[in-house]
Each structure stands twice: as C-alpha cells, then as structure tokens.
Amino acid sequence: MRSLITLAALALPLSAQAAETGDLVRFVSCPVYRDADSGKKSGCWLATDPATGRRWDVSQSPYKPNWDFAVLVEGRVSAASADPCGAPVLDPVRTSILPDPCTRHMLPAEGYKGRKFVLPPRNIQPLSVARPVPPGPYAERVFTTYFEFDRDFLVYQYDDFIIDNAATWIRAAKPKKLVVTGFAATEPETVSGRTLAERPEIARDRAEAIAETLRRLLPGLPVETKWEVGAKPTGDPDADTIPGQSQRRAEIRAVF
Amino acid sequence: MRVTNRIKRSLPLAGAALALVLAVGARGDAPDRWWSPGEGRVLPASLDYTNEHGALRTLVVGGPLKTRGHPFFEPLGANGRACVTCHQPADAMSLSARTAQERWEATGGKDPLFAAIDGSNCPILPQGEKASHSLLLERGLFRVQRPWPVRAFNGQPVTPDFTIEVVRDPNGCNSAPGYGPGAGNVSVYRRVRPVANMKYLLAVGFPFDPKQGYALPLDPDDGKPQSGNLMADNRAGNLRLQMEDASSVHLEFARALTPAQIKRIRDFELSIYTAQQSSPAAGGGLDTMGATGGPAKLRDSQPGALGSIGTPVWSEFAAWDRISAEDAAKLTPQQLAFRQSVARGARVFRDRTFLITDSAGINSRMGFGNPVRNSCVFCHNMTQMGNDVAPGQVDLGTTTQPFADPWDDLPLFRITCLNQPHPHYGKIILTYDPGFALTSGKCADVGKITLQSMRGLSARAPYFSNGLAKDLRGVVDYYERRYKIGYTEQEKQDLVNLMSVL
C-alpha cells in the first residue's frame, strides 16, 4: 500500500507537491494582472496553479500574458525571498497564451511595488553600434531560437538577441549555406487536466519564419528549411532550464 | 516701478507680435500662403507661416529652391495637381482642413485639390456640390483606394486571412458599379502625411520589426532595411514607391515618373525640415532660453535614436523647467507659465504612465502583455520626432469599433478572420479603415495605422489618420477616453501646450 502511495506521489506534477527552489512548476490557469506601479512595464502578472491553489508571480516571462486568455505557465521556483508582486516568484518562467477565454481580473497594487523595469540581459544594440567581429576559427555551428507554445512569432528581447548574435557570427564565418529546422512539441501532454500538444504545422511555420528573417538579415546566403515534430527537450542554456521551452524551437545550422 | 516692469514685460509680447506680422503668408495673405502647382515661385531657404499657435518654419537645405520645372511643384497629371497641392509649406508639408476650406472659398471648389478621384467623397457624386467634398473640407480626408484582395507588399503576393464586407457605404465608393470589394477595391479615407523631416521617417534604429516578428524587410532598390514608417498602411516602403503610388493615383499621371524626376523629388523631400518656430504664448522663439525647438535642430541632428537609451524625447524644452530669474524677468507671467507648462508637458509625455490595453502592435503580438503600463513615449519614442523607431503600425482604436467614434459619413466594413481570431477584437471586426491589414493581409493587423511625426502639429489639424480630433485638445481627449488615463486638467493642458510648439 505504501509503495502504491509513493508511486502515486511520483506521478503527481511537481506543482502538486511542496515546491522547493529550482522545482519545475507547470500548469494552465487564467492570469491576473496586479496594477503595481513602479513606472514603465512594472505591473505584475500572477497565476494560480489549480492543482495546489498556490498563486505564483510569473511576471518575469519574456512573453507575458493577455488577461483575456488562459496561459500555460512553465517555471522554476526562485530562490528570491522578496515578493514584490505579492506571490512567490517563478524565475525563469514562461507564460504562453492559449486560446481558452478568461475573465479579466485586475488587482490593485495593495502595497506591492512590482519591479522597476530594467532591460533584460538579452537585448540588442541599435544598428548604430558596431558589432564586434567574433573570432575564428569558424566551423559548423548551431544557433537556437525559441517560441511561445504553438506560435511561430519571433520573441522580442529574446529571439532577436539570439538571431542578431547569430547573424554577426555568420557574417564573419561566411558559411556556404544555412539550414533552419523548425521543431514542434506535438506529443500530447496533460497539464492541469487538459491535453496540450502543438500543431504539427507549427514546426514548418517556425522554420519559415526564421528563414525569412535570416534572408533579410543575410541577403544572398542560401537558406534551406526543414521541420520535425515530436520535439524532445534539450539542455541548451538559452532555454533557461525550461524543458518545454527547449522543445519549442528552431535551429539555425551554419554549414560550410 | 510697477509701470516700468509692465513695460518691460510687454516688450517681448510686442516683439512676438511684430514677428508674427513679418512672418510670410499670415492668414488672409492667401496668394502667398497657397502654393499652386506650376506657379514657379522660389522656395526660400527659410520660410515662416503663421498658425493659431504661432509660426511654423520650413528650412530647405541648399535652398532657396527654384520650383519652376521641379516635379514636386509642377502639375504632372491630368487633374492639374502637383505634389505641393497636398503638401503645403504652410501646413507643415501636409494639408489642414482649414486650408482646404479656404481653397474651396477662394476657387468655388474649382481648385485641382478637389479632383474627383480622391478630393471628393466619391467620383460618382456631383462634383460641383460642396457636400460631395465634405470629408476633405471637414476632416481633411482624401479617398484612398486599395486593391482587394490584397495583391502586394513590396512586390510580394499576399493572401489575406480575412474577408471583407461592406456594412455601410454612405458615399458609394464601396458599392457603386466599379467600386467596392466585389469590384476589386476598397476605399478608405485618410489624412495627408507630412513630407518633411524625412530622414527621421526613413531612419532604421534596430534590425527587427518586433510588431511583426521578423527582421525588417529590405528595400527593393538598395537592399537596405526599411523603416516602415512612411505611409499610414505601410504600403510603400521607400520614397520611390510612395511617389509612384501618389503620382499615378492622386495626380492621375498616366506615365511613369522618370528616374530624373524621382531623384529630384527625393532630393527635395530629404532636404526639407519643418517645425513650429515661435509661439506668442511663449513670448517668442522656441529656441530661446535654453530650448532647442524649431526645425534647425531637426536639420542638424542624427535621426533614429531611441529616446529611452539616449536623448529623451522632447528634452528640447527641458531648460524651460529651470528658467533663470533673469530670463523670467523678460517674460510676462503668462509667458513664463506657458514655457513651464511645455516643459511639464514633455515630462507628462514621457513619465505619466497608464495602462495600455487591447492595442495590437503594443499588447499583441509582442510579449509586452495585455495590459501593459507605460506612457506616450512607449510608442512615440524617437528623439526629436516622436515617431516610432521601430515600424510604427499600432491600433489605437481610432478606426475600429468599439473604440472608434460613430462616424456615419465613413464606410463601415465587416472583417471576418478566417484562421486565428484577432487577439483583441475576436473573429468579427467592424472598422472604418482596416489600415495595415490592407497591406499585410493579416487579420491581426486590422486597425493598425502607422505612427507619424509629431512635428508641425499646429499647422495641420485635424489629427489621427481619419481626422477624428479637430484640435490638439481632441487628441488628448481621445487618449484619455480610450485608455482611461486619468490626466488632471493641468496635465491635459500641459500636453496641449507641448504639442502646440512641436
């Protein structure tokens, strides 16, 4: 009996257990906006895990919620003790907008300050700032870009930073061609009682979106596209330890 | 002592009044104020025209310019118009509704400005009747006929992901024979965008268009990234494409512009700068007492800088926050208060945050979230100009319900999204002007209109692409209503005063 209980506990999502620093939390719920005001972009996003009833601060996502729609929350419990938004913090965290409608809800600041906006570490310089030429030697290399769940939209201050760096390296390395492979997490998974799977065609859409951007940034360089479904997680550091994020990707391979 | 001070204080006022009298083309001096096609005048290197907030100055680099034979100033097409017809120096190289009214009165509606093709509500209407030109006369709107289905974006074919139906057609240009989606076109009504300070509108700050999720498209002529800030619906990405579009449609020019004509027009458009130069309310020049208003600063500055990481937007007037006692003594109390109000307005513009909601291009599809707290400068972010450093296609709701006011004299379209619903409006959208969606073919872009320059506003009322704000206060009132900002009366007046000196 005890072993059955242990097995059952292991099968539970981590979010249903006591969350510890670094634990992965994954759930679907309606976001709540807290109108904390510490200046521009300082408002808070909160979301409650329906399995535990625990409310999290998910404000640090590079793509933030729309209060009209549910979000898929994927994040790790932060070691930070401060709760500027009135809830424990998930960081790193991702909040993908899902098509399920939600009732808008906004909380007043209630004394919480939110966070004064600071530029995220992944932000690009204006074109007027010269990019340093990356040192050689140059050999086949892969750059990976990441997406919101079931979307092919290039993420501001995330993908643009990765692609800008990639383009700078590619200009210096002068590969023969680029091969862009789009991936989609098409294997169904149950999250908060609902089955989630990306559409297979989003893999191709991601490849083509990134390829079009590369054709604009690197005119004249051949760019081929491929796509794969059933994407598995990777350990790429730019996915910020979020397995789901690492699945939703497009890889840019520089071929010599 | 009191008398002496009063005299001292009145001197700047007298000087300002004199300056206004000396300004070329004061209201009432119509022959000089209106630039008719082909009249062959010389455009001075510096030219001032008065308006209700003071005087606007136009500078021509390398000027004066002999306009005789110049393709910007000569009537090229069948209807007798030239580019200058709708891009008047006195109106900040745009055209105000008031100027249109004056032309109607001066010519009995015979001026080429009122050409049936787009200077009337629709060519099928009786052209001699004033009512047939009501949109131009009352709100400064010209008819813009776009192809349907969307055929091209910088030469690339586009298949729209939405359908369009005509709900209401008060003027006939979306349902009469030869007109409307069934006949392969859609007519919308828009204000003229200024042709000046062009280096700023062409400037590219970053390599990406974050609102569309791609790197910037490349100019088909020179292969460089395009700013995406030229036209309301971004249908032309460079000046050649814009002038070819304008000459064939607005001028009814049957032939193609020659390369030499394109070069001359382009060179002129890149040489002309305009901004408000003086203000009686401020007691004189907008480049005095430490301020750097006026077009000379525009002419001499580098374009494309993002205010948030460099020179703050409208910091041209920061010095008026701390006018010295010595300078203050040269002003009347009202003039001092006005200058301080302008400086406050610049801070309100940059720092007074509010919740921005349901605005595609801001709240979607970028990751800022819906809502997001920010200020005017979030979008109006380019130093010296207040346009968007990124391509500025944003939906403020000015053309689309439920945010747009009920304009019974404009056509109303029903957009049905075929794939994903619009992130804020849903599957069905009612709009007077789908805006950028008529170029991109995307339902998500319905209602997006490209931000434009904020310079020379005093010379070119009314405002917004469909002229919904008849004056500067109307602009502030629209934002207040749209976003429930909660501006104080003082903040509203400060913003109006700021905009009046740009």
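Where is B:Ser271 found?

A: B:Ser271 is found in the loop of chain B between α8 and β10 (272-279). Helices (H or I, at least four residues) and strands (E, at least two) are DSSP runs numbered from the N terminus. The model is predicted, and local features need pLDDT of at least 70, side-chain atom pairs count only at pLDDT 80 or more, and totals for chains, interfaces and linings use all residues. Residues are numbered from 1 along each chain as its sequence is written, chains are lettered from A and ligands numbered from 1 in the order in which they are written, and side-chain values use heavy atoms, with hydrogens and water left out.

B:Ser271 counts as buried because its relative accessibility is 10%; buried means under 20% relative accessible area, exposed over 50%, and partly exposed in between (1.4 Å probe, protein chains only). A polar atom of the B:Ser271 side chain lies 2.8 Å from the backbone oxygen of B:Phe268. A polar contact is a pair of N or O atoms within 3.5 Å; within protein, one must be able to donate a hydrogen and the other to accept it, and residues adjacent in sequence count only if both atoms are side-chain atoms. Leaving aside residues up to four places away in sequence, B:Ser271 touches B:Leu59, B:Val60 and B:Val61, where contact means heavy atoms within 4.5 Å.

A search of the whole structure finds four cavities of 30 Å³ or more. On a 1 Å grid over the protein atoms alone, a cavity is a set of points where a 1.4 Å probe fits but cannot get out, and a pocket is an open set with protein on both sides within 12 Å along at least five of seven lines; lining residues have an atom within 4 Å of a point. Grid points are joined across faces, edges and corners, and a volume is the space filled by probe spheres set on the points.

The second largest cavity holds about 500 Å³ of space. Its lining has 31 residues, and B:His87, B:Val192, B:Met231, B:Gln242 and B:His250 are the closest to its centre. Helix α8 (259-269) of chain B is among the elements that each supply at least two lining residues, while α7(B) gives the most, with five residues. By class, this lining has 20 nonpolar, four polar and seven charged residues. Here Ala, Val, Leu, Ile, Met, Phe, Trp, Tyr, Cys and Pro count as nonpolar, Asp, Glu, Lys and Arg as charged, and the others, Gly among them, as polar.

The largest cavity contains about 650 Å³ of space. Of its 35 lining residues, B:His380, B:Leu396, B:Phe464, B:Val475 and B:Tyr479 lie nearest its centre. Domain 1 and domain 2 of chain B each contribute at least three residues to this lining. Its largest contribution, four residues, comes from α13(B). The lining of the largest cavity comprises 24 nonpolar, eight polar and three charged residues.

The second largest pocket has about 980 Å³ of space. Among its 37 lining residues, the closest to its centre are A:Lys41, A:Tyr156, B:Leu306, B:Ser308 and B:Phe378. That lining divides into 20 nonpolar, 10 polar and seven charged residues.

Other loops of the model carry backbone features of note. Most residues other than glycine have a negative phi, and most peptide bonds are trans. B:Trp314, however, has a positive phi near 65 degrees; this residue lies in the loop between α9 (295-300) and α10 (325-328) of chain B and is buried, with a relative accessible area of 0%. A:Ser192 likewise has a positive phi, of about 50 degrees, and is partly exposed at 37% relative accessibility. The peptide bond from B:Asn370 to B:Pro371 is cis, with omega near 5 degrees, and B:Pro371 is in the loop between β12 and β13 (372-374) of chain B.

Methods:
Domains from an automatic or database assignment.
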